Amino acid sequence: MLALTELGQRLRQERESKGLSLEDLQKLTKIQKRYLLGIEEGNYEVMPGKFYVRAFIKQYCEAIGLDTDTIFEEYKSDIPSTQTEDMPQQLSRVRSRKEIPQHTKGVSKAYDYLPTVLVVAGVVVVGIIIWVIAQNIVSDKNKEQANQEAPNSEVQQSNTQEETNETTAKNDNSNSEDEQSAADKKEQEKEKAEKEKAAKEKAEKEKAEKEKKDSGKQEYKEVQKTGRSATYALSGTDAFNLEVTSTQADTWLDVKNGKGNAFFSSILKKGETKEFDLTKETEARVNIGYSPGVELKVNGKAVDLPFDSSKQVRQVVTIQYQPAEAQ
């Protein structure tokens with residue numbers, strides 16, 4: 001920063017004593033702030049021309065209430081003397097009011113503002129030109145960008161439509177495959193159920209035919225009775241199938257072979273039926289805890305219990321089996 005001249009220091013002190021900032025002084029004088037600062041610092045090189053120096057100093061002094069003639073005389077060493085020679089007579093405001101005719105005071109005052117008006121007008125014109133050029137550049141860029149984006153937008157829209165069509169087709173194919181898979185699965189389950197039903201019917205038919213065949217020559221006769229136990233002999237058949245059903249109440253049931261190996265030893269609930277294939281055994285022992293309502297079947301044929309259930313609740317039935325082939 002330049003050192004303040006005596007004139008600049010005096011002007012600054014007067015301005016600050018009036019409570020004015022450079023911005024305030026700029027509004028009063030219409031002189032740009034940088035020129036006012038240049039006057040205070042003695043930096044006259046920032047002025048738009050040498051002939052403006054004295055005019056600006058004069059306006060500065062008038063704005064803060066200092067006598068211009070006194071200031072120019074007192075600080076003439078700080079003010080370039082050459083400025084007066086260069087400055088046009090019509091722009092000079094250095095002359096005292098005594099030298100200016102009364103009828104020209106209004107014109108002289110108007111000329112005081114002419115430099116500022118010209119500078120401001122020049123700045124405004126330059127600003128308008130720059131703004132117009134900038135608007136044209138922005139407009140051209142927008143048009144170019146719009147022209148570039150238009151094909152891209154069409155391509156993007158086309159790609160989006162193709163992706164949508166592909167997605168729709170995939171969904172349709174997926175739905176179709178799911179429906180076909182569900183139909184195939186349902187058909188397979190149906191075929192499986194039909195096969196199982198046919199196999200069950202066939203097995204039941206074969207079993208019934210075998211039981212019918214065996215029942216024609218099957219013999220089931222009492223061998224002996226003692227206490228609550230009875231022994232029966234089963235012959236004339238190649239199968240030994242035993243069914244035990246409890247129809248009235250839960251009962252204890254114990255079924256073992258002749259060697260004492262248990263096939264069942266637990267509670268037989270009401271309405272429950274247990275089947276035993278004893279074809280490979282030579283003897284079976286059936287221990288019934290609650291005989292009322294218990295039914296026995298040998299190879300599908302009902303056989304009577306050895307004792308009256310109302311008199312003998314617990315009964316033990318032993319069946320000795322001799323296959324027809326061994327006879």
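**Exercise 1.** Determine which ring K225 lies over, and at what distance from the ring centre.

*Solution.* Begin with the criterion: a charge sits over a ring if NZ of Lys or CZ of Arg is within 6 Å of the ring centre and within 35 degrees of the ring normal. K225 is found over the face of F307, 5.4 Å from the ring centre. Next, consider R54: its charged end sits over the ring of F72, 4.6 Å from the centre.

The model is predicted, so local features need pLDDT of at least 70 and side-chain atom pairs count only at pLDDT 80 or more, while totals for chains, interfaces and linings use all residues. Residues are numbered from 1 along each chain as its sequence is written, and side-chain values use heavy atoms, with hydrogens and water left out.

**Exercise 2.** Classify the ring pair of Y35 and F56 as stacked, edge-to-face or tilted.

*Solution.* Rings of Phe, Tyr and Trp (its six-membered ring) pair if their centres lie within 6.5 Å; planes under 30 degrees apart count as stacked, over 60 as edge-to-face and the rest as tilted. A search of the whole structure gives five aromatic pairs. For Y35 and F56, the centres are 5.7 Å apart and the planes are at 25°, so this pair is stacked. Ring pairs also join Y35, Y52 and F56 into a cluster.

**Exercise 3.** State whether Y35 is buried or exposed.

*Solution.* Buried means under 20% relative accessible area, exposed over 50%, and partly exposed in between (1.4 Å probe, protein chains only). Y35 has a relative accessible area of 5%, so Y35 is buried. F56, at 2% relative accessibility, is likewise buried.
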